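Here is a short tour of the model, for reading alongside the sequence and coordinates.

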Amino acid sequence: MAKKKTETTNNLEVEQIITEMPVEASATEMPKTVTLDVSTDFDVERQRKKQRAAKITQNVFVYIFLTICAVLAFLPFYWMVISSLKTEPEYRQSNPTFFPHTFQWKNYPAVLAQSDNNGSNFWQILLNTLVVGFFSTTIGVFVTVLTAYALARMNFKGKNALFALMLATMMIPGEMYTLTNYLTVSAMDWQDTFTVMIVPFLVSVYYIYLLRNNFMQIPNSLYQAAKVDGLSDFGYLVKVMIPLTAPTLVSITLLKFIGTWNSYIWPRLINTSSWQMITNWVTRGFSDKDIMYPNKFGDSIYSSESLTTLKMAAVCMVSLPLFILFIFCRKYIMRGVSKSGTKG
Amino acid sequence: MAKTKKTSVEPSEEKVTLEEAAIVAEEMPVTAADEVAEQPAAAEETAASFGDKVKAFGGKIKEFFVGVGVKTKDFFGNLFKKDKKTKEEKLGEMAVVAAASDGQIETVVATSLLESKLSAKEKFGRFCRSQSGWLFVLPAVILMAVFTFWPILSAFINAFKQNYSTLTGKYDGWGFENFIRVLKGDTGTGGATFIQCLVNTMVFTFISVPLSTLLALLISVALNSIKPLQKAYQTIYFLPYLTNSLAMGAVFATFFAVIGTTKNTENVGIVNQVLQGLGLLPNETFINWLGTSSPKWVISANLTIPWAKYIVVIIYEVWSGLPFKILILFSALQSVNKQYYDAAKIDGASKNTVLWKITTPMISPMISYLLVTGIMGGMKQYSAIVGLFGEQMGIDYDMGTMVGYIYRYIEDGHMGYAFAGSLILFAIIMIITAINRRISSKKVSY
Amino acid sequence: MKITIQNLTKTFPSRNKKEKKENKGGVTAVNDMCIEIPSGKLVGLLGPSGCGKSTTLFMLSGLEQPTSGKIFFDDQDVTTLAAERRGIGLVFQNYALYPHMTVEQNIMFPLVNMRIPKAEAQARALDTARLVQIEDLMARKPSELSGGQQQRVAIARALVKMPNVLLLDEPLSNLDARLRLQTREEIKRIQRETGITTVFVTHDQEEAMSICDTMVVMKLGVVQQIGAPQDIYDDPANLFVANFLGTPPINIFKGEIRKGKVYIGKEAVATTEIADQPVYVGIRPEGFIYDAKGALTLETDHIEVMGRDKSIVSRHESSTKPTIRSIVDSDVALPKGAAKLTFNVKPNKLFLFNAETEERLI
C-alpha cells in the first residue's frame, strides 16, 4: 500500500490512497508490465457537500441567466405596449417611466382615424391585407399541394430536372426577381390591384419541397390499400395524403399568411401610397392634428410632428394579430419554422 | 433531357436539409441553363416589343387565374369520376396508377403484354397520358417561368445594357458600364456607394450572426438543463420571431432615439438613461445613437460616435436572430443521445467541459447550418434598417445594405445599377456558398 | 472496494399522469435488494430482460437515484452521491464513445477532467490502451473501429482513471459470437490484472457462468440467488434459477411424491423423504443414463450426434416443455430406430420444486 496524495485543482479534490497492484504479466499477451493504480478510498462527506453546493449554484445561475435573457427578449414588446398607452408629454419626459401615469387609450382611436392625402385609412389597408392574405394563402397552398403531389407521386418526363431547377432557384436572392417582376407588372398595368399582390408570390419553392418530402414519407402500401378499398386517385390525395400531412399544411398556411401580413418591400415598390399593405402603414408618420394636444406647449409642434406614442399604438395593432395567431397555433408555427427556417 | 437524367437528385434527397438542397441546386447549373434556354427567342427581342409580349402574356395569366377554380374542377372531375368514361379520365387514371406505384411492377407487366399490340398512334397516346403529371405542375411552372426563371435571365441581360430606361425600353448598347459605375461608386446620385453598403452588410452580418448563434447556444443549453418553466421560457424566446421586423425596428429605434421639445422636457432615449444611471457616461453627455441630425431643439445628443449606429443594428440583429436559432439548437440538443451526457458524468466532466467538448461538437452540424443560413440571410437584410433608421436608411443612405442599394435604384429608376447590384449580390452569395461547401467538405464528419 | 447494497428499491413513476399524482401504478424495477459484493471480485448480474439488473447497475453508478435503500462503497454511504463523484468507471452497452474525439482523446477525457497534466495523462492513456491492447489505434475515430475495438476503448476509458469500481452494462451484447468469446476472456484477464471490483450485467447465462466469481440471478426486480456459478448450477434455489441456467436448459416434468417415491407419470424415478405432494421434477440433460431397463420411459423424437456426445430429443406427456433433451456420451450404444428409450436419473442432477411456490424442495 503506497499512500499518495493526488492534489488536483478541480472540483474533484479527492484524497486518494492508491494501491499499486503488481500485475502478473503473461509473456505472450503482455509484453510490458502494466501498472494501474486503484483508488480505494475517498471522502464521501466532503464530496456530498460540494455536490449540493454545486447543484444549487448551477441552478441559480441557470435560472438567473435565462430570466435576464427572457426579460431582454420581452422588453421591446413591453416597451411597445406601454409607450402606446402614454401621453406624448409623458413619453418625452427626461426620466422615462416604466409604467404609464395615465393611460392614454385615445392614442388608438387617433391612429385609426388617420388617413393620408389619398384618403386611405387603416380599415381600407386592413381589408387589402386580409383579402390578399386570404387569396394568396388559399391559392398558394392549392398550387403547392398539386405540385408537391406530382413531384412526389407521379412519373413524367423531366420531373427530376424540373425539381432540381426549382431547388436551384432557392439559391438566388429574391431581389433579382423583384427587379424584373417590377418591370413585368408595370408593363401589364397591374399596379394598385390585388393581382399584383397575389400572383407573383403564389409559388414558394421551399413549401413545395417541404410538402413533397412529407408526401414521399407516406408509404406506398397505403396507396395500394386505398386502391383496393376503391378510392380514386384524387380521393386518395384528399382523403389520405392531405389528412396525413395536415400539420405541415397548417404550418405552410400559417407561415404564408404571416408572410403576407409582413410584406413591405413589394407593395411599397409597386403600388402608389393609396394602395398599401398593413406593414407599410406602420412606417408612415402619425401626427396628432390638434386633437389630443391642442397647443399645449404654446407652439404647434405636436400638430405637425409625427408622434411616437401614436406610432407605437400602430405597431401594437399590427403585432397583435400575429400574437393571437401564435397563441392559438404555437405548435404549428414553431414546427413549421423549425422545418423551413425562412421567415414568413 | 438525357443530361438531366444523369444529374438527377431523385434517390438521395429524401431527407435533404436546406443546406444540402442548396448544394444540389448548385450542382445543377448546366440543367438550369438548358431549361432557361427554352425561351431564347424572348431574350433576343428588343425591350419595346418585349413589353407588348409580356402584356399579352400577362393577360393570359390573368385569365388563367380567373378561371382556375372552374378549370381545376373540370380537370379533376373528368380525370377521376368513374362513371364518366371520357378519354382523359381513362388516360389520367392509368397514368396516375403507373406513376404512383413506386414498385411499378403491375405497370411493367401490363406494358410488356400490351406493347406488341399497340400501333404507333396508340403508343404516342400512351406517352402523352404518362405525362399527365405536367398538368399538376403546370400552374407552378407557368408562374415560375414568368416570375422566377424569366427574371433571373432578364437580370443577366439587363445588367449589361447601358443607360437602360425602363420607361422607353431604350439603351445605348452593351457593356460593363453598370458594373464599373456601381463598383466605383460613380452613379451620379450621391449617397452611400455600393462598396459602403457591402461593408455595412458585412459588418452587420459577420458580427451579429456569430454573436447571436453563441448566445442562442448558451440559452438553449441552459434551457435544456432545466425542467420547471422550460416551456414558458421557450415561448418567450420564440416571441420575437413573429414580429414584423419593420415594426420592431421602430420600437428599437425608440430605445436609442433622442427626441425633445423646446420646453425643458427632453428624452434622450432609455439606453442613454441606463448608461448614465450606471455611470458609464459622463453627466450631461448622451450618445447620439441613431446619428440623426438632431432636431434644432435638442441639445443633449452631444456625443456622436461614428460606430454607435452599427451597435444599434447589431443589437437589433442579435435580438431578432435569436428565436429561430434557439428553436433549432434546442431541438438539436434534445435529439443528442443522452448516453453521451451520462458517459461524460461518469468521466467527471464539469458542466463547462460538457458544453464545449461534448454538446457543441455533437450539434456542430446544426451550428454550422445556422451560421450559413444566418450569413446568407444577413446578406439580404433590408427592412430592419428601414425600421431603425427610416426609409432614407440613416443620413443619405449611409446605413444602407446591398439590398437597400438595389431598391434605392429601382425607385430612382436607374434600373441598370439595380440589376448590376443584384448580380454582384448574387455572386457574393455564390462565393459564400462555395466557401461553405469547401469548409464543410474538409471537416471530417463522424 | 467492497460494495454493499441494502434494501435497494427503485420504482419508476407511472407514465399515466393521474396515476403519477396519486403515486401509484408505477413499475418497481428493483425490489428490496440486499447484496454484498466482495472487494476485487468479478460479479455478474444475471437475469432476463426487464429483471432490473441494468437499473441496479445504474444505481451503483449514480446515474439513477434509488427510491429507497442504501449503497455503500466500503463502509461509506454513497447513495446520494452523483455519478461524477463516485469514482467509478462505466462501460455502456453501446459504448457511448464520443464520436468526435479520437481514441486517445476518448481515453484521456476522464483524466483531462481531473486536471491531470497532459504528459502524464497521455502516458496513462497509453498504459491503459496497452492493457486492453489497442495502443495502435490511438489516432483513430470511433467510427473507424470494429465493434470489438470500440468495446476495448470503452473499457480503457473506464479504467484509465483508476476507478473504485468498474461497471459494465451488457458489455458483450453488441459483439458477434466469436468476438464475444474472446472478449469475455479479455474482461476476465483485465479484471484479474487490475483487481478492480467489477460488476457486470448480462442476460446471457453462459457468459455469466464463464467469467464471474460470483453471480447474482434476478427476476422481476428480486434477487433469486447469489453464489459461485457452479454452486448455483448444482444447487438452484428455485425453479426459475434452475430453468435459467444451463444449455441445453433443464427438463421440467410435472410429478408427484407418493410414499417416499418421486413419480413422473406412472413411473417412479427416485426416492425421497419429503412428504407426499405434487412437485415439479427438474432433470438436467446430462442427468440421464441410458439403461434398457431404466425407470423413465421417453418417446424418442430424434437423436442429434454432436461428436463428443449425443443429444436425444424426446417427448413425455408430463413434460412442461414440448421436447426433452438428454445428453449421453457418444460411446453409449443406443438401439437403432427405437420409438421409446428408457433412462435412469442421476440423483445429483435431479431437483424437486414445490408445485405452487416453485421453491426448491431438494
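This is a predicted model: local features need pLDDT of at least 70, side-chain atom pairs count only at pLDDT 80 or more; totals for chains, interfaces and linings use all residues.

Of the 446 residues in chain B, 39% count as buried. Looking at contacts in chain B between residues at least 6 apart in sequence, 64% join residues at least 24 apart.

Now to chain C, which is divided into two domains, with the bounds listed here.

| Domain of chain C | Residues |
|---|---|
| domain 1 | 3-243 |
| domain 2 | 250-354 |

Taken over C-alpha atoms, the centres of domain 1 and domain 2 of chain C are 39 Å apart. Where the two touch, domain 1 of chain C supplies 5 residues and domain 2 of chain C supplies 6 residues. On the domain 1 side of that contact in chain C, there are 3 nonpolar and 2 polar residues, with no charged residues.

Chain C also holds an open sheet of 6 strands, in the order β6-β7-β8-β3-β9-β10, with mixed pairing. Why do β6 (88-91) and β10 (222-227) of chain C each have one side without a neighbour in the sheet? Both stand at the edges with a single partner strand each, so one side of each is left without a neighbour there. From one strand to the next, the twist averages 15°.

Within this sheet of chain C, strand β3 (residues 42-46) and strand β8 (residues 197-202) pair in the parallel sense over 5 bridges. In that pairing, C:Leu42 stands opposite C:Thr198 of β8(C).

Terms used:
Residues are numbered from 1 along each chain as its sequence is written. Chains are lettered from A and ligands numbered from 1 in the order in which they are written. Domain bounds come from an automatic or database domain assignment. Two residues are in contact if their C-beta atoms, placed from the backbone, lie within 7 Å. Ala, Val, Leu, Ile, Met, Phe, Trp, Tyr, Cys and Pro count as nonpolar, Asp, Glu, Lys and Arg as charged, and the others, Gly among them, as polar. A residue is buried if 20 or more other C-beta atoms lie within 10 Å of its own, exposed if 12 or fewer, and partly exposed in between; C-beta atoms are placed from the backbone. Two strands pair if DSSP finds at least two bridges between them. Helices (H or I, at least four residues) and strands (E, at least two) are DSSP runs, numbered from the N terminus. Axes are lines fitted to C-alpha atoms, for helices over the stretch in contact, and angles run from 0 to 180 degrees between N-to-C directions.
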